[in-house]
Amino acid sequence: MKGEVTYDTAHEAEVITGPDREVGDAPALQGGDGMGCHAGAAEMKKAAQMAGKSEILEQYAKDYPMGPHDQPQSMCPAFGSLRVGLRMRRVGTILSGSACCVYGLTFVSHFYGARRSVGYVPFNSETLVTGKLFEDIREAVHDMADPDQYDAIVVTNLCVPTASGVPLRLLPAEINGVRIVGIDVPGFGVPTHAEAKDVLAGAMLNYARAEVEAGPVPAPVGGRADRPTVTMLGEMFPADPMMIGAMLAPLGLAAGPVVPCREWRELYAALDCGAVAAIHPFYSAAMREFTAAGRPIVGSAPVGLDGTANWLANIGDAFGIAADKVAAAQNAFLPAIREALAKTPVEGTITLSGYEGSELLVARLLIESGAEVPYVGTACHRTEQSKADREWLEAQGVTVKYRASLEDDCAAMEAIKPDLAIGTTPVVQKGKEMGIPSLYFTNLISARPLMGPAGAGSLQEVVNAAMANKDRMDHMREFFEGVGEGETAGVWEGDPNVQPQFRELHLKKLEKKRRAAKAEEMI
């Protein structure tokens, strides 16, 4: 598709609803014993390639390059795609994987308020080897495909079924009018949960694009926009799309859907845009679908003073809007952003890291608020769409680290000794042990508006309040002084019972295993 999306006007006003299914409402799926996945990433990857999954793994390697080390430390990648599916209305979810993995994923999903059932197809060695697992999955999909309840069902292979070559591509594309989307999200192929969101978003866009090319599709529930739209790529704070829409209005444009979408029809509207704003620049699979649909992609975001001015100019270029009209839009919002940034400046040094994909944007905002940010680490990979943010930060003297590991983030914090460390849970834990005020990026930073005037002042209060807690952190460190750390943590009646010989023996085993693996590579 290169032109506009054709909508089925007969269904334009139709609103199809389905009840949010509570935990325990999913249809009963065939049982079996769970199977562990302790072979290691390298062995499972090799098995997957031998089982016919080479093509998908090669695509993942292109979309999500690993970088200098194997894989950043993060939660199970499949949580990202699972969360995207569970947040969509009228979309069912089935997982195929080891019981321990499915338990952990569903627990975390419901902890985050999913309020949806997660279908599970268990397996054992026999059903895995004989191919019965695929038959069980197909049966489960047929049982679940109720058009009164679902527009689509997402079936996800976790590590073991992917390594065993369970062929989800052989599932029917549609059953009783319910779309079937099968994806593989192995921990040894998809580096982070943020990029797993892209795996499902890209698969859904690919399916929706094929539907658009085949003929008219249902119109969005709210109707088609009366102005050209900008689709936004990446999960954002709910107020941010509205703020972006306000900034686009003087250009004669409107904010389109946010991808990942909340219902299937939004996928058509997302494709029916004039340009795509890659707010989170790591959505490689989604951007490939938009490029195939002929939609230009604009990097960065309207964050801070420089970011907003440049982003509006780039959007204007993408739509061919006159320079004076772009300047008018800039003049309408930049003074308010400048005022918000100056109102409560941030004074201090901050190290910043995370795995959400918006780390570079947050760093820009902190620097324009007055903070010194010498280090930014992101678990996501480097893309062309993040180039503008990276170059702006580097011009300010910032070291930007893509595919940053926990060791990278902690080493930067230990070397810089900032007034505030913003990072993942283990970074925050390490910072507090060192007496450094620390904030968890996901819950306390990314859960705030970042765009335009609203975003310009959103971080300053929480950041300044955290840095003001330095005396409290020093007092806590003094209070716990002498209780030990690591293997000597706690209060001991005598000397800690340290056994260094066990550590030495373990290190020798690891070195022997490393040499054996190296020798095998040379054969």
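**View 1. The second largest cavity of the predicted model has a volume of about 100 Å³.** This cavity belongs to a structure, here a predicted model, that holds three cavities of 30 Å³ or more. The lining of the second largest cavity is made up of Ile279, Pro281, Phe282, Gly357, Leu360, Leu361, Thr378, Cys380, His381, Ser386, Asp389 and Tyr402. Divided by class, these lining residues comprise seven nonpolar, four polar and one charged.

View 2. At least two lining residues come from each of helix H1 (41-63), strand E6 (178-184), helix H7 (193-214) and helix H10 (284-292), and H1 gives the most, with seven residues. In terms of class, the lining of this pocket has 13 nonpolar, five polar and seven charged residues.

**View 3. Glutamate 289 is shown in helix H10.** With a relative accessible area of 7%, glutamate 289 counts as buried, because this value falls under the 20% limit. When neighbours within four places in sequence are left aside, glutamate 289 is in contact with Gly202, Leu205, Asn206 and Arg209. Helix H10 is also among the elements that supply at least two residues each to the lining of the second largest pocket.

**View 4. Five strands form an open sheet with parallel pairing, in the order E14-E13-E12-E15-E16.** Strand E14 (399-402) and strand E16 (438-440) are the edge strands, each of which pairs on one side only. Direction ignored, neighbouring strands of this sheet are turned by 10° against each other on average. Strand E13 (residues 372-378) runs parallel to E14 and is joined to E14 by four bridges, and valine 376 has valine 400 in E14 as its bridge partner. Helix H15 (residues 406-416) packs on the sheet, where it touches strand E12 (349-354), E13, E14 and strand E15 (420-423), and the direction of H15 makes about 165° with that of E13.

**View 5. Asparagine 443 is shown in helix H17 (residues 441-445).** Asparagine 443 and lysine 2 are separated by 441 residues in sequence, and the distance between them in space is 39 Å, C-alpha to C-alpha.

Note on methods: Residues numbered from 1 in each chain as written. Predicted model: local features only at pLDDT ≥ 70, side-chain atom pairs only at ≥ 80, totals over all residues. Heavy atoms only, no water. Nonpolar A, V, L, I, M, F, W, Y, C, P; charged D, E, K, R; others polar. 1 Å grid on protein atoms, 1.4 Å probe; cavity = no way out; pocket = protein on both sides within 12 Å on 5 of 7 lines; lining within 4 Å. Points joined across faces, edges and corners; volume = space filled by probe spheres on them. Buried < 20%, exposed > 50% of the residue type's maximum accessible area, 1.4 Å probe, protein only. Contact = heavy atoms within 4.5 Å. Pairing = 2+ DSSP bridges. Axes fitted to C-alpha atoms, helices over the stretch in contact; angles between N-to-C directions.
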